[in-house]
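Here are some notes for a colleague who is opening this structure for the first time. Please read them with the model in view.

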Amino acid sequence: FVEHLWTKDVPLMVRAMVKANDKLFIAGPPDLIDEEDTFQRTMARDPNLASQLIQQDDALAGKAGGLMRVVSAADGSTLAEYQLDALPAWDGMAAASGRLYMSTTDGNVICYGAD
């Protein structure tokens, strides 16, 4: 079995992740629904559920952009959060020489870091 150091729920569906020194960078579309709650609402035939599922589908398609969160690798606490114009490509992040590189689904490569 794997023993976890920590676990956290995050408001995004992680498509790209990289650890650099003591920071973990995660990025992806926003996670707008709670799956367990959604199942219960489906069983109860909640009429408001359809619009929320459409919003989540739009987020997965990149229509809402994305999120990047920087967390502490030691305890999972949030250090920073950034709004992204486009979703990261699957496994599309790398860290090197104090910089973070992210390829996005709109065909760009973004570099974050010091000059």
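1. Buried means under 20% relative accessible area, exposed over 50%, and partly exposed in between, with a 1.4 Å probe and protein chains only. Strands (E, at least two residues) and helices (H or I, at least four) are DSSP runs, numbered from the N terminus.

2. This is a predicted model, in which local features need pLDDT of at least 70 and side-chain atom pairs count only at pLDDT 80 or more, while totals for chains, interfaces and linings use all residues. Residues are numbered from 1 along each chain as its sequence is written, and side-chain values use heavy atoms, with hydrogens and water left out.

3. Strand 6 runs antiparallel to strand 5 (residues 88-96), and 5 bridges join them; two strands pair if DSSP finds at least two bridges between them. The bridge partner of A94 in strand 6 is Y101. These two strands form a hairpin with 2 residues between them, and S97 in the turn has a positive phi of about 50°.

4. Strand 6 also pairs with strand 7 (residues 109-113), in the antiparallel sense and over 5 bridges. Here S103 stands opposite V109. The hairpin of strand 6 and strand 7 has 4 residues between the strands, with G107 in the turn at a positive phi of about 90°.

5. The largest nonpolar core has 11 residues, among them L100, M102, M93 and F25. Such a core is a set of buried Ala, Val, Leu, Ile, Met, Phe, Trp, Tyr and Cys residues joined through side-chain atoms within 4.5 Å. Strands 1, 2, 3, 4 and 6 each supply at least two residues of this core. A second, separate core of 5 residues includes L12, L24, L67 and V71.

6. M93 touches residues including A16, F25, M68, L100 and M102, leaving out those up to four places away in sequence. Contact means heavy atoms within 4.5 Å.

7. Beyond four places in sequence, R41 is in contact with D46, N48, L49 and Q52.

8. P11 lies in the segment before strand 1 and is partly exposed, at 30% relative accessibility. Apart from residues up to four places away, P11 touches P29, P30, D31, L67, R69 and E81. The C-alpha atoms of P11 and D34 are separated by 10.0 Å, with the two residues 23 apart along the chain.
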